[in-house]
Amino acid sequence: MSYITKLQREFQTMKAHTASLINAIVLLATSAWAYFASTAPSFTALIPAVFALLLIACYSGVKKENKIIAHIAAVLTLVIVLALITPLRGAIGREDPMAIMRVGLMMASSVVAMVFFVKSFVDARRRRQSAG
């Protein structure tokens, strides 16, 4: 089995809680990187880190498939995707490739996590409908 096939299989079986945790780690690391790499650090660079900590706080609830906590985590993820649009536009306007990469990475991981949240919500609804 090729490496690509293994990766595809892992991606298909990943759960929302795992995708959310990976997203939180990416947000935390990338936010810290942006803050400490800056010549004039601003606390706004740490906003994604705050969201990351909130997502980590939601982790066990999402893993236990707590509907309310999973929806809170999904909303936090959606908010961070939307909130990162402005920094991405700013980085593009400044023609700063490292900032574009950092913000793009955070957005990409958040969008992937959103896909897994939506998939988990759809799967949960299907399970309820087939059981009932």
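Thr 30 touches Arg 102, Leu 105 and Met 106, leaving out residues up to four places away in sequence. The structure is a predicted model.

**Thr 30**

- Thr 30 is placed in helix 2, which spans residues 16-37.
- The relative accessible area of Thr 30 is 4%, and residues under 20% count as buried, so Thr 30 is buried.

**Ser 31**

- Ser 31 is likewise found in helix 2.
- With a relative accessible area of 1%, Ser 31 is also buried.
- When its neighbours within four places in sequence are set aside, Ser 31 is in contact with Val 26, Ala 45, Leu 46, Ile 47, Pro 48, Ala 49 and Met 106.
- One of these residues, Ala 49, has its backbone nitrogen 3.5 Å from a polar atom of the Ser 31 side chain.

**Helix 4 with helix 5**

- Helix 4 covers residues 67-83, and its axis lies 4 Å from that of helix 5.
- The two helices pack at an angle of about 25°; angles under 35 degrees count as roughly parallel, and helix 4 and helix 5 are therefore roughly parallel to each other.
- On the helix 4 side, Val 81, Leu 82 and Ala 83 take part, and they meet Ile 85, Thr 86 and Pro 87 of helix 5.
- The residues of this contact comprise 5 nonpolar and 1 polar, with no charged residue.

**Helix 5 with helix 6**

- Helix 5 is formed by residues 85-93 and helix 6 by residues 97-131.
- Their axes are 9 Å apart, and the packing angle is about 155°.
- Angles over 145 degrees count as roughly antiparallel, and helix 5 and helix 6 are therefore roughly antiparallel to each other.
- The crossing of helix 5 past helix 6 is left-handed.
- Helix 5 contributes Ile 85, Pro 87, Leu 88, Ala 91 and Ile 92 to the contact, while helix 6 contributes Ala 99, Ile 100, Val 103, Gly 104 and Met 107.
- Of the residues in this contact, 9 are nonpolar, 1 is polar and none is charged.

How values were computed. Residues are numbered from 1 along each chain as its sequence is written. This is a predicted model: local features need pLDDT of at least 70, side-chain atom pairs count only at pLDDT 80 or more; totals for chains, interfaces and linings use all residues. Side-chain values use heavy atoms; hydrogens and water are left out. Axes are lines fitted to C-alpha atoms, for helices over the stretch in contact, and angles run from 0 to 180 degrees between N-to-C directions. Angles under 35 degrees count as roughly parallel, over 145 as roughly antiparallel, 65 to 115 as roughly perpendicular and the rest as oblique. A crossing is left-handed if the near helix is turned anticlockwise from the far one by less than a right angle, and right-handed if clockwise. Contact means heavy atoms within 4.5 Å. Ala, Val, Leu, Ile, Met, Phe, Trp, Tyr, Cys and Pro count as nonpolar, Asp, Glu, Lys and Arg as charged, and the others, Gly among them, as polar. Buried means under 20% relative accessible area, exposed over 50%, partly exposed in between (1.4 Å probe, protein chains only). A polar contact is a pair of N or O atoms within 3.5 Å; within protein, one must be able to donate a hydrogen and the other to accept it, and residues adjacent in sequence count only if both atoms are side-chain atoms.
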